[in-house]
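Thanks for coming. Please have a look at it first.

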Amino acid sequence: LGCRKVNRTDEFDFEFLPCLRLKKYKFVQDWFADRRAEAQRLNLGTKPEKVKEEWYKHQNLSAEICGISFQFGFGGVHGAPDHPVRLTRKDGAGYHVDVNNYYPSMLIAWDLVTRSATNDNYTKVYDTRKAMKMKQLAAVIKQVAKMWKKRQLPYKKMLNALSGAMKDPTNPAYDPRNNNAMCINGQLMLLDLVEHLEVIPDFRPINVNTDGLVVWIPDTDEAFYQMDDIC
């Protein structure tokens, strides 16, 4: 990316994306806004990394949403029932609602690629990987699909590596503000999706993670198409 190291002090000046439509669970977004205000009041952006790391450790929000326990923080969202759940086909149908290339897609769509980059190679790597993935999915011969999967993996690793690099003060790609914007808005958008899916009768989230959901809905065409339209 041709990154040039810049010492940044605006780590906590992140914004919330205008696409968010939280209502019932907006208190989570408000919690992040309060954390931002606290960090700015403490002038944390100018403090040593160890001081910031210690502060981050204590920034966690637990909330019950759709009947399961959610954990929010600056590292991502995690949600699961407190006890193991046994579900059978009689209970409905389960789906993995996975967001493809979630963080890389966000970085490009919302102009959050590290401000230290001096070229647009991140988008080129993204487009190259996407084209290879399409060839992998379109391949009818197993060996050909395997070949394209192998070829696109290095590009995937490069794309995913940037989010960590942006929080590493020794890396030329260092840009913790954009990393915070990506991570916080990423989990809020997943929460937004859960809030919208909740209108489906008997909808249940089974697992919520950084870039996707595992959900349980009635095993009917109506419930499936309602879920599909919302997603």
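Helix H6 gives the largest share of the lining of the largest pocket, 4 residues. This is a predicted model, so please take everything I say as computed from it. Besides H6, strand E4, residues 93-98, also gives two or more residues to that lining. The residues that line this pocket are Cys 19, Val 97, Asp 98, Val 99, Tyr 102, Met 189, Leu 190, Asp 192, Leu 193, Ile 230 and Cys 231. By class, 9 of them are nonpolar and 2 are charged, with no polar residue. The volume of the largest pocket is about 280 Å³.

Now the second largest pocket, with a volume of about 240 Å³. Which residues lie closest to its centre? They are Asn 101, Tyr 102, Pro 104, Asn 160 and Asp 211, out of 17 lining residues. Tyr 102 is also in the lining of the largest pocket.

Last, the core. The largest nonpolar core has 55 residues, and those touching the most other members are Phe 32, Ile 65, Phe 72, Leu 107, Leu 188 and Leu 213. Helix H6, residues 176-197, supplies the largest share of this core, 10 residues.

Take Phe 32 as an example. Leaving aside neighbours within four places in sequence, Phe 32 contacts Phe 14, Phe 16, Phe 72, Gly 73, Phe 74, Ile 184, Gln 187 and Leu 188.

Technical notes: Residues numbered from 1 in each chain as written. Predicted model: local features only at pLDDT ≥ 70, side-chain atom pairs only at ≥ 80, totals over all residues. Heavy atoms only, no water. Core = buried A, V, L, I, M, F, W, Y, C linked by side-chain atoms within 4.5 Å. Buried < 20%, exposed > 50% of the residue type's maximum accessible area, 1.4 Å probe, protein only. Contact = heavy atoms within 4.5 Å. 1 Å grid on protein atoms, 1.4 Å probe; cavity = no way out; pocket = protein on both sides within 12 Å on 5 of 7 lines; lining within 4 Å. Points joined across faces, edges and corners; volume = space filled by probe spheres on them. Nonpolar A, V, L, I, M, F, W, Y, C, P; charged D, E, K, R; others polar.
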